[in-house]
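Try each task yourself before you read its solution.

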Amino acid sequence: MVEEIGRTADGNIIINVGPQHPATHGVLHLVITINGETIIKVEPHLGYIHRSIEKMCESLTYRQFIYVTSRMDYLSSHINNHACALCVENGLQVEVPARAQVIRVLMDELTRIASHELWWGAMAMDLGAFTPFFHAFRERETINDIMEETCGARLTMNYMVPGGVMQDIHPNFQQRVKDFIKLYKSKISEYDELVTGNIIFQNRMKGVGYLSPEDAVSFGVSGPPARGSGVSCDTRKTYPYEIYNQLQFEEILETEGDSFARYMVRIREMNQSIKIIEQLIDNIPEGDFQAKTKAVLKLPKGEFLQKVETARGQFGVYIVSEGGTTPYRIKFRSPGFSNLSALDHMARGSKLGDLVAMMGTLDLVIPDIDR
Amino acid sequence: MTNEALKEKILQLSPAVSFEEGGQWLTIIVTPAAWHSLAAQLRNDKALFFNFLFCLTCIDWKTHLTMVYHLESVQFRHNIVIKSKLDAADPSIATVSDIWQTANFHEREVYEMFGVNFINHPDLRLLILPDGWENKRPLLKNFEDPVNMIKL
């Protein structure tokens, strides 16, 4: 598909970014038409890590298919698993024990912080600052260690199952999370000193990659990129699932719609996640961590959709069941896929160097886009 | 708006549609020929204002295909599901990428995976699949691929 290297008929230059490029954070291929330094068009070519997860799921049972979803958005694996578990529970009409619900939300929010930490480090690295990456990973590693202790994995957790969670939390879990909160609070000011307040960084972000609220909605953009344009779309608030309607937290909105606004949304969102964790960490109810479910799960005939808020935006699981042990058809609505579709619109008319800032603030995870 | 109010309102706009019972949200069945004008009305009507196309996908029922659209209004927080039955031999339906821009990518995906022809789509070609996968339609139920095994 890439015969277009060279010049177009009207003298514009066509260049390729990717599929292997440090700024794409994965195998994304962009064919960019430029006139001088100005971007005329950005055309994404996808599929370098397409594994046909939707087709695969058609031959996996309702217990098995959740494990595949950890491999989509690997930075939000808990939240992906959560969506699938909720969707199956919705079909089976299973009541999840209170303890499992709290553990799930705790894990979701820890994941969100870890994901935003990684994004923050990688984003700064894309713009030429290497140090923030190490700062971000210092905190992120702590979360990964907490996850490893309870889930046995650091990236593909597979911890949430239909009915609850796989096993109870590790005895050290609560103490280590509290230690993490203390660490996080002592370090978060460094983030602002290092990057947020940096005048060079601000100049590279402000006014770059403007996305109007109307366009954000039309392109199906969700998550921090949409909230940076002032579109209220936090699924935790708009369609509360699990126990989010009982928790005190704010939906972060910025109205500028540029890269800096999207950056600020994520930074402020981390603090809200900390707030949620603080509310729950001392209040984990006693009881079962998993509801009793049958060994072989059969969803009734029908269609089930569950939306959740991952670190990147609205993730949807759509199951069409014919009453069997495997889904007849399954569709994963991944936030990255829709967010990426707005990139061309955002980038047109801006400078080539700014493309990296735009891609950075869209927070693209390629396996999530390709599925 | 509640489901009943939505139902009433949509029946006023387009009396030809029918409804499917038992779903999570109001489900509307529309013929492929009537879809584009209904879509424009759903998007532009001030009381409905379905401006967010959450998801668009296709289901292969072996005898026919069904397009499924999940619409949401960001302002009013109401949801509907639209379904349209397509002929398996020649599946085609009008594009809605002029109404919701996100449909551009989603329809390209459905095109390569199911072979649905989106009439008036600005750029209908492979998106995820590599060159050489034209006309293979991997998400159809009768698709077999012994080389790249995806059935477990």
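**Exercise 1. Which helices are included in what covers the buried residues of H5(A)?**

Before we start: this is a predicted model, in which local features need pLDDT of at least 70, side-chain atom pairs count only at pLDDT 80 or more, and totals for chains, interfaces and linings use all residues. Residues are numbered from 1 along each chain as its sequence is written, while chains are lettered from A and ligands numbered from 1 in the order in which they are written.

Step 1. Find the helix: H5 of chain A spans residues 131-151. Helices here are DSSP runs of H or I with at least four residues, strands are runs of E with at least two, and both are numbered from the N terminus.

Step 2. List its buried residues (20 or more other C-beta atoms within 10 Å of their own, with C-beta atoms placed from the backbone). Among them are Ala136(A), Glu139(A), Ile143(A) and Met147(A). An α-helix has 3.6 residues a turn, so residues three or four places apart point the same way.

Step 3. Look at what covers these buried residues: helix H4 (98-126) and helix H6 (173-196) of chain A are included.

**Exercise 2. Describe the length of H5(A) and what follows the helix.**

Step 1. H5(A) has 21 residues and reaches 30 Å from its first C-alpha to its last.

Step 2. That is close to the expected 30 Å, where the expected span is 1.5 Å times one less than the number of residues.

Step 3. Next comes Gly152(A), with a positive phi near 80 degrees.

**Exercise 3. What is the strand order of the open sheet in chain A?**

Step 1. The order is S9-S10-S11, with antiparallel pairing; two strands pair if DSSP finds at least two bridges between them.

Step 2. S9 and S11 of chain A are the edge strands, each pairing on one side only.

Step 3. S9(A) and S10(A) are joined by 8 bridges, and Gly302(A) stands opposite Ser321(A) in S10(A).

**Exercise 4. How many residues does each chain give to the contact?**

Step 1. Chain A gives 30 residues and chain B gives 28, with two residues in contact if their C-beta atoms, placed from the backbone, lie within 7 Å.

Step 2. Elements that give two or more residues to the chain A side include helix H1 (53-57), strand S9 (302-309) and helix H12 (335-341) of chain A.

Definitions and conventions
A residue is buried if 20 or more other C-beta atoms lie within 10 Å of its own, exposed if 12 or fewer, and partly exposed in between; C-beta atoms are placed from the backbone.
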